[in-house]
Amino acid sequence: MKSALVTGANKGIGFEVVKELVRNGFFVYLGSRKLENGMAAVNQLKTEGITNVEAILLDVTDEESVKAARASLGEKVKVLDVLVNNAGISGGFPQSALNATIDQFKTVYDTNVFGVVRVTQAFIDLLQQSNQPRIVNVSTAMASLSLAADPASGSYDHKLAVYQSSKSALNMYTINLAYELRNTAFKVNAVCPGYTQTDFTGHQGTSTPAEAGKRIAKYALIGPDGPTGKYVSEEYFPEPASCPW
Ligand code: NAP
């Protein structure tokens, strides 16, 4: 049975990604920075008949936590097929380019950028054992430099200096990672889940968490002919090739 790890999966979009991957035949390790929240999520899934899932303690900002999670997963599996770097924070509001503090930037980057690097580097050896390894980095349409700079785009007046720049950095990391892995079976992509009704958005949004979960899981499930090194935002750009970075 194929295995997957989803970070920040105790609620919101990550929780739905877990469901979708289990439905597609995976055993999924549900990452949670608080074990009790991870266990509660697993229990919730069990009431829905979803049993191929186990909680794993994983705080992406904590080097020791990431190392411990890698050691613990290594005792359970020799191969990891999918990594979904989903854990993310907004950093609170407002976020002004002129007034946001360096601490605000550091906190958000520690989760949204360095967290992804930490987890990816820690688990890459297990992923390299897979014959179809997939990495999905959960990004956002708000990370697009083209859209953010275009007064004609719908998101032009929605600026979050800290969060947006962190996800733009994540996009560039994704491109670099995909490039370094280009001569392997890896597929590495950055995917926007859509504007989704979760705690993150105060439950505002045009997508349900289930719809968002499917959009992310789709890129964990792509075949050998699927894209790599791409950024996809299907809610806004149904044709992936037209999605501006
Ligand atoms: P959410 O409901 O707030 O869930 C975020 C998850 O990340 C939670 O499980 C949270 O854990 C976890 N997390 C935060 N910091 C962590 C850390 N240091 N280590 C491990 N886990 C951590 O938000 P969401 O809407 O599902 O967001 C998921 C991802 O989608 C994020 O990367 C976000 O940027 C992205 N996204 C969301 C939207 C949207 O409209 N919602 C749009 C575009 C992109 P706790 O429960 O412990 O806080």
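## Helices H1 and H2

Let us start with a pair of helices. H1 and helix H2, which covers residues 35–47, pack at an angle of about 45 degrees, and their axes are 12 Å apart. This is a predicted model, so every value here is computed from predicted atoms. H1 and H2 are therefore oblique to each other, and H1 passes H2 in a right-handed crossing.

Which residues of H1 and H2 meet? From H1 come Phe-15, Val-18 and Lys-19, and from H2 come Ala-41, Gln-44 and Leu-45. Sorted by class, the residues of this contact of H1 with H2 are four nonpolar, one polar and one charged.

## The largest pocket

H1 also takes part in the largest pocket, where it gives the most to the lining, with three residues. The space in this pocket comes to about 1,300 Å³. Helix H1 (12–23) and helix H6 (161–180) are the elements that give two or more residues to the lining of the largest pocket.

The lining of the largest pocket is made up of 46 residues. To find the centre of this pocket in the model, look for Ile-13, Tyr-163, Thr-198, Phe-200 and Thr-201, which lie nearest to it. What classes of residue make up the lining of the largest pocket? It has 18 nonpolar, 21 polar and seven charged residues.

## Helices H4 and H6

H6 turns up again in a helix pair, this time with H4. Two packed helices are described by the angle between their axes and the distance between the axes. For H4 and H6, the angle is about 20 degrees and the axes are 8 Å apart. H4 and H6 are therefore roughly parallel to each other, because angles under 35 degrees count as roughly parallel. Their crossing is right-handed.

By class, the contact of H4 with H6 has 13 nonpolar, six polar and one charged residues.

## A closer look at Tyr-109

Tyr-109 has its place in helix H4. How far apart are Tyr-109 and Ser-166 in sequence and in space? They are 57 residues apart in sequence and 5.6 Å apart in space, C-alpha to C-alpha.

Leaving aside neighbours within four places in sequence, Tyr-109 is in contact with Phe-114, Gly-115, Val-162, Ser-165 and Ser-166.

## Helices H3 and H4

H4 has another partner in helix H3, which spans residues 63–76; the two pack at an angle of about 20 degrees, with axes 10 Å apart. That makes H3 roughly parallel to H4. H3 passes H4 in a right-handed crossing.

Here Glu-63, Val-66, Ala-69, Arg-70, Leu-73 and Gly-74 of H3 meet Arg-118, Val-119, Ala-122, Phe-123, Asp-125 and Leu-126 of H4. The contact of H3 with H4 divides into seven nonpolar, one polar and four charged residues.

## The cavity

The structure holds one cavity of 30 Å³ or more, and the largest cavity has a volume of about 30 Å³. Which element gives the largest share of its lining? Helix H4 (residues 102–127) does, with four residues.

The residues lining the largest cavity are Thr-7, Val-60, Asn-85, Asn-86, Ala-87, Thr-111, Gly-115, Val-116 and Val-119. By class, four are nonpolar, five are polar and none is charged. Gly-115 is one of the contacts of Tyr-109.

## Two backbone details

Two loops are worth a visit. A cis peptide bond joins Phe-93 and Pro-94, with omega at about 0 degrees. Pro-94 sits in the loop between strand S4 (82–85) and H4.

His-203 lies in the loop between strand S6 (187–191) and helix H7 (209–220). Its phi is near 65 degrees, a positive value in a residue other than glycine.

Notes: Residues numbered from 1 in each chain as written. Predicted model: local features only at pLDDT ≥ 70, side-chain atom pairs only at ≥ 80, totals over all residues. Heavy atoms only, no water. 1 Å grid on protein atoms, 1.4 Å probe; cavity = no way out; pocket = protein on both sides within 12 Å on 5 of 7 lines; lining within 4 Å. Points joined across faces, edges and corners; volume = space filled by probe spheres on them. Nonpolar A, V, L, I, M, F, W, Y, C, P; charged D, E, K, R; others polar. Axes fitted to C-alpha atoms, helices over the stretch in contact; angles between N-to-C directions. Parallel < 35°, antiparallel > 145°, perpendicular 65-115°, else oblique. Left-handed = near helix turned anticlockwise from the far one by under 90°. Contact = heavy atoms within 4.5 Å.
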